[in-house]
Amino acid sequence: TTIICAALVCLLLAVPISGSSAEDRPECQDYHVMDDESRQNTNQWSKYYYCDTMGHDRTSPDWRGTGWYRMMPPAGTAMPEETPEWWNCGSRGGGWVNGTHPQEKFETKEVILCFDEEAPGTKPCDPKVQGYITNCGDFYVYYLRDVPFRFCNFRYCSTESL
């Protein structure tokens, strides 16, 4: 029972809840920074590309594994809400938010984060992962997971504005 309760408590602590202040939202104060400019949705393919998976020889320079992240210049300030062009964002398939960002200050929203394995429009939002976005007032933070795919082809994308 103790092990189950301990696992349950850990699971409950990992699930975001709503709060009314930054103090209630630790992810608004404790996050990793994504600031590699090649993440921009306008960055077209070059011979170098990255993925957001730990332990790969092409792991993104600003990727620290599953956790909370804030997009910052020169990368941009948010994740796009529409699919980027194929081979943009410094990867084959750039990750984007399938939906909208939370509007209320300190609101957290569960979202689907999409990648396009094929050229955009042929297999939209395939593959995908679950994530969270918190509105921290002046910025957003994202709960992002290692992209769990066979190849190092996928990376979270950024944009200058929504």
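**Figure 1. Overall view of the predicted model.** Helices here are DSSP runs of H or I with at least four residues, and strands are runs of E with at least two, numbered from the N terminus. On that basis the protein has one helix and seven strands. The model is predicted. Read from the N terminus, the order of elements is α-β-β-β-β-β-β-β. The protein has 162 residues, of which 45% count as buried. Among contacts between residues at least 6 apart in sequence, 66% join residues at least 24 apart.

**Figure 2. Confidence along the chain.** The mean pLDDT of the protein is 81. A value of 70 or more is reached by 77% of the residues. Among the elements, β6 has the highest mean pLDDT, at 98, and α1 has the lowest, at 35. Over residues 1-17 the pLDDT stays under 50. For residues 1-17 the model has six contacts beyond four places in sequence.

Figure 3. T59 is found in the loop between β1 (32-34) and β2 (67-71). The relative accessible area of T59 is 17%, which is under the 20% limit, so T59 counts as buried. Two backbone oxygens lie by the side chain of T59 in this view. The backbone oxygen of T53 is 2.5 Å from a polar atom of that side chain. For the backbone oxygen of H56, the distance to a polar atom of the T59 side chain is 2.9 Å. Leaving aside residues up to four places away in sequence, T59 touches Y50, C51, T53 and M54.

**Figure 4. The stacked pair W63 and Y69.** A search of the whole structure finds seven aromatic pairs. One of them is formed by W63 and Y69, whose ring centres are 4.7 Å apart. The planes of the W63 and Y69 rings are at 5°, so the pair is stacked; the cut-off for stacking is under 30 degrees. W63 has 2% relative accessibility and counts as buried. Y69, at 0% relative accessibility, counts as buried.

**Figure 5. The edge-to-face pair F115 and F154.** The ring centres of F115 and F154 are 5.6 Å apart. Their planes are at 70°, so this pair is edge-to-face; the cut-off for that class is over 60 degrees. The pair links distant parts of the chain, with the two residues 39 residues apart. F115 lies in the loop between β4 (108-114) and β5 (128-135), whereas F154 lies in strand β7 (residues 154-156). Both F115 and F154 are buried. One aromatic cluster is formed by W63, Y69, F115, F154 and Y156, which takes in the pair of this view and the pair W63 and Y69.

**Figure 6. R70 over the ring of F139.** R70 lies over the face of F139. The distance from R70 to the ring centre of F139 is 3.7 Å.

**Figure 7. The disulfide of C28 and C136.** A search of the whole structure finds three disulfides. In one of them C28 is joined to C136, with an S to S distance of 2.0 Å. The torsion about the S-S bond is -85°, and the link of C28 and C136 is left-handed. C28 lies in the loop between α1 (2-14) and β1, and C136 in the loop between β5 and β6 (140-144), so the pair ties together parts that are 108 residues apart in sequence. C28 and C136 are buried.

**Figure 8. The disulfide of C89 and C157.** A disulfide joins C89 to C157, with the sulfur atoms 1.8 Å apart. The torsion about the S-S bond of C89 and C157 is about -55°, so this disulfide is left-handed. Because C89 lies in the loop between β2 and β3 (93-98) and C157 in the segment after β7, the pair ties together parts that are 68 residues apart in sequence. Both C89 and C157 are buried.

**Figure 9. The disulfide of C114 and C125.** C114 and C125 are joined by a disulfide with an S to S distance of 1.9 Å. With -65° about the S-S bond, this link is left-handed. C114 lies in strand β4 and C125 in the loop between β4 and β5, so the parts tied together are eleven residues apart in sequence. C114 and C125 are both buried.

Terms used. Residues are numbered from 1 along each chain as its sequence is written. This is a predicted model: local features need pLDDT of at least 70, side-chain atom pairs count only at pLDDT 80 or more; totals for chains, interfaces and linings use all residues. Side-chain values use heavy atoms; hydrogens and water are left out. Buried means under 20% relative accessible area, exposed over 50%, partly exposed in between (1.4 Å probe, protein chains only). A polar contact is a pair of N or O atoms within 3.5 Å; within protein, one must be able to donate a hydrogen and the other to accept it, and residues adjacent in sequence count only if both atoms are side-chain atoms. Contact means heavy atoms within 4.5 Å. Rings of Phe, Tyr and Trp (its six-membered ring) pair if their centres lie within 6.5 Å; planes under 30 degrees apart count as stacked, over 60 as edge-to-face and the rest as tilted. A charge sits over a ring if NZ of Lys or CZ of Arg is within 6 Å of the ring centre and within 35 degrees of the ring normal. A disulfide is a pair of cysteine sulfur atoms within 2.5 Å. pLDDT is the predictor's confidence in each residue, from 0 to 100.
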